[in-house]
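Let's work through a few exercises together. Keep the viewer open and try each task before reading its solution.

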Amino acid sequence: MIRNVSRSDLSKIIDIENQSFSTPWPRFMFRSHLGNPGFVLYEQDDAVKGYVIVDIIDSRLHLMSIAVHPKYQRCGIGTNLIDWCIEFGKIHGASMLTLEVREKNRSVQMFYLKNGFDVQGIMPGYYIDDNAVAMYKEI
Ligand SMILES: CC(C)(COP(=O)(O)OP(=O)(O)OC[C@H]1O[C@@H](n2cnc3c(N)ncnc32)[C@H](O)[C@@H]1OP(=O)(O)O)[C@@H](O)C(=O)NCCC(=O)NCCS
């Protein structure tokens, strides 16, 4: 099931984060999103397997972060979380879901393309060590 994140879930979210990114977000970033209705986790068999954070900016839903625990990747959980974002965006009147991904991170770009996103453009120097690919999906 997909449900909102509470304070007691934070350690599990941070564990997923640390296993997923070379420069993980610090705990305070996640703490600052507690209470955001767009901060949800995917739970199955009492295990937290993934999370996503989205924010509404004007009429756009922006994906701030998404990760699935390496043990549970390629099982459809990321797609489930994107589907949840789309429904959440529709309920809140958003017409587009947007995100940025590292240009070097081809495999994650494949994931977004598979989920119906298009490339909007390249953002040079967006990350300290890489360009960003801006992607969007109409919802
Ligand atoms: C991106 C991420 C969330 C995808 O989650 P997931 O649960 O593994 O994704 P799904 O199982 O729903 O994948 C759906 C489809 O996307 C594509 N895809 C997913 N991961 C892929 C990969 N590593 N390489 C190529 N294609 C991939 C495949 O077509 C896949 O379908 P298939 O498994 O039937 O071939 C996960 O890989 C992750 O947490 N990565 C590390 C964190 C990260 O980089 N987040 C994004 C920051 S912008």
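In what follows, two residues are in contact if their C-beta atoms, placed from the backbone, lie within 7 Å. The model is predicted.

**Exercise 1.** Find which strands helix H3 lies across, and its angle to E3.

*Solution.* Start with H3, residues 77–91. This helix lies across E1, E2, E3 (47–57), E4 (60–68) and E5 (96–102). Relative to E3, H3 runs at about 30 degrees. Next, pick Leu81: leaving aside residues up to four places away in sequence, Leu81 touches Tyr42, Gly50, Val52 and Ile66. Leu81 also belongs to the largest nonpolar core, which has 30 residues. Among those that touch the most other members there are Tyr51, Val52, Leu81 and Cys85.

**Exercise 2.** Work out the strand order of the open sheet, and explain why one side of E1 and of E6 is left without a neighbour.

*Solution.* The order of the 7 strands is E1-E2-E3-E4-E5-E7-E6, with mixed pairing. E1 (2–4) and E6 (118–127) stand at the edges and have a single partner strand each, so one side of each lacks a neighbour in the sheet. From one strand to the next, the twist averages 30 degrees.

**Exercise 3.** Decide how the buried residues of H1 are arranged around its axis.

*Solution.* List them: Ile13, Ile16 and Glu17. Down the axis of H1, the buried residues fall within an arc of 100 degrees, so they line one face of the helix. Turned away from that buried side are the exposed residues Ser11 and Asn18. Finally, check the cover over the buried residues of H1, which includes helix H2 (27–33), E2, E3 and E4.

Notes. Residues are numbered from 1 along each chain as its sequence is written. This is a predicted model: local features need pLDDT of at least 70, side-chain atom pairs count only at pLDDT 80 or more; totals for chains, interfaces and linings use all residues. Two strands pair if DSSP finds at least two bridges between them. Helices (H or I, at least four residues) and strands (E, at least two) are DSSP runs, numbered from the N terminus. Axes are lines fitted to C-alpha atoms, for helices over the stretch in contact, and angles run from 0 to 180 degrees between N-to-C directions. A nonpolar core is a set of buried Ala, Val, Leu, Ile, Met, Phe, Trp, Tyr and Cys residues joined through C-beta atoms within 7 Å. A residue is buried if 20 or more other C-beta atoms lie within 10 Å of its own, exposed if 12 or fewer, and partly exposed in between; C-beta atoms are placed from the backbone. The arc is that of the directions from the helix axis to the C-beta atoms.
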